[in-house]
Number of protein chains: 2
Amino acid sequence: MGRPVYLDCDTGIDDSMAIAYLMAHPGVDLVGVGTVFGNIDAHRAARNTLDLLALGGHDHVPVAVGAEKLLAGAWPGGAAHVHGDNGIGGVDLPHCGREPVSSAADLLIRLAHEHEGDLRVLAIGPLTNLARAVDREPALPSLVESVVVMGGAAKSPGNVTPVAEANIFNDPQAAARVLDAGWPLTLVPLDLTLENTLEESDRAVLLGAAQPVPRAVGAMLDVYFSFYTGTYGRRCAALHDPLAAAIAAGGVTPTLAPAVQIVVDETDGPGRGQTICDLRGERVGYPAQPTARNRLVLEISAPFAPHLMEVLTSR
Amino acid sequence: MGRPVYLDCDTGIDDSMAIAYLMAHPGVDLVGVGTVFGNIDAHRAARNTLDLLALGGHDHVPVAVGAEKLLAGAWPGGAAHVHGDNGIGGVDLPHCGREPVSSAADLLIRLAHEHEGDLRVLAIGPLTNLARAVDREPALPSLVESVVVMGGAAKSPGNVTPVAEANIFNDPQAAARVLDAGWPLTLVPLDLTLENTLEESDRAVLLGAAQPVPRAVGAMLDVYFSFYTGTYGRRCAALHDPLAAAIAAGGVTPTLAPAVQIVVDETDGPGRGQTICDLRGERVGYPAQPTARNRLVLEISAPFAPHLMEVLTSR
């Protein structure tokens, strides 16, 4: 049996890839999923999640709807230009009968107690649910085994503003709360995820797979590949969420992940939503920073796409 | 006869290297120097400048004291831990008889009119004098040939905060004013200057030079090299100001200097003083940004130190 994982997501095309990875990876026991606004609204994210889980034979996994807006602010409106109008590239998944429960924060707290000391928390959307959960259960940081967050940018350009990544930008206050909560947290930033891409040749393999989940993911990626033409100059896609999933699952090993001070810019200025990472020690091996709580993944041992493809098409 | 250059500086050890370079480069006619608070107070910066110019036989160059504090704020207090108590590494230059005039902004405006269309402005300290000059003479941006600024950080860590470089951090409001002034401005950021270092072997050559200016610079560098041990893990120094001087003089040619949107963070948040550069087009050759006014130098054609050493020891 795999390690228990709680996933918090805004499903989302790359979220769908992460879910597909988590369903297929033998080291993972996906014990619950919470959804949050972000790529799409939280309810649609739950619908997408339920239907994808059903398609992968994981219709036992509880799915809970979480935050529909920022801790302090309205829903910013999603990213249809990236993920399509329904969040999953216009693909119509078979509608499963299940409905989500409420709320994501409560589900996370319950699972943290049930799997005390063992639960791995993986957050690949805005961090609003996690922030709410910490507010409701201050002991939460000491109950979980680890937290992996896809989010932020250290030296990489942002993907919403010149310096801000979408998950953090979408709720900077929540991100600050989560990064300061004191749990063992690993941030997987754009610096790493933009360096790892899936190509058209990979998508062709997914579309031709025997199993329905990789076929559905391959279909979703059509829209996503088109969006990323502006970033890379070719049809391909960055592997944001699945890379964070693989790190949480232990399928990918960080080889450079210094503990550095990370401060979220919560101002309304031009840096809003930036994860300000103190990399001033980069030329001398990142000396210990006494107040640094969180690890920042900057390198992994091998390109991610081959491993991702192997897992997605394995069962 | 060289091209007319107005230098604005906070002399400073690397400012001294820049002044030495400008005095020695045959393509430069140094027609005036203004000083500003920064590495040291503006009056001490003027004293250092006058004495170094005299040592190099340039005692005809007018030196004007400029801003002693930010456009809006008190003098932050200098950087004695980097540049020594007197700004030039504790070196006692022979005291020349000349005194500075006032003010730097007025000198710049006068020189811009005198050399209309030809003046190259080189700023290697906080941008307060330039901002004041633009306020006093709104036509200034159309009178000068070009502006080169040592300042900011795009992807590089900062040197005052995790994201802010000292010259910009020391007066973000002035920096914003200067970056938005509409003149042909080239920013030389830490990304480039931290990649170019002077080593102990170079310093030994300076100390053994026949001329007094390189010998004085070699002596100043003792303190500077000690400071940079924390950055590089060895005694050496980044070549911030002399590299900007060489670009202004035409001695070094930028090979990658895209015009990109650059916004200064003027908030009081954790990003204060950051130059937020829009590098989201970095993977597709930096497509034109219609509102981008300023160039950001990211690469030069060859390592800088050999050229710098050649010029400094040439006469």
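Start with the sheet of chain A: select its nine strands and you have an open sheet in the order 4-3-2-1-5-6-7-14-11, with mixed pairing. Strands here are DSSP runs of E, at least two residues long, and helices are runs of H or I of at least four, both numbered from the N terminus; two strands pair if DSSP finds at least two bridges between them. At the edges, select strand 4 (101-102) and strand 11 (259-260) of chain A, each of which pairs on one side only.

A word on the model before you go on: this is a predicted model, in which local features need pLDDT of at least 70 and side-chain atom pairs count only at pLDDT 80 or more, while totals for chains, interfaces and linings use all residues. Residues are numbered from 1 along each chain as its sequence is written, chains are lettered from A and ligands numbered from 1 in the order in which they are written, and side-chain values use heavy atoms, with hydrogens and water left out.

Next, pick strand 1 (residues 3-9) of chain A. Strand 1 runs parallel to strand 2 of chain A, and seven bridges join them. To see one, select Pro4(A), whose bridge partner in strand 2 is Asp29(A).

Now move to the loop between strand 2 (28-35) and helix 2 (42-55) of chain A, and select Asn39(A) there. Beyond neighbours within four places in sequence, Asn39(A) is in contact (heavy atoms within 4.5 Å) with residues including Asp10(A), Gly12(A) and Gly78(A).

Last stop: bring up chain B. Select Glu195(A) and Arg283(B), whose side chains meet in a salt bridge at 2.7 Å, N to O; the term means a side-chain nitrogen of Lys or Arg within 4 Å of a carboxyl oxygen of Asp or Glu. Between the two chains the count is two salt bridges.
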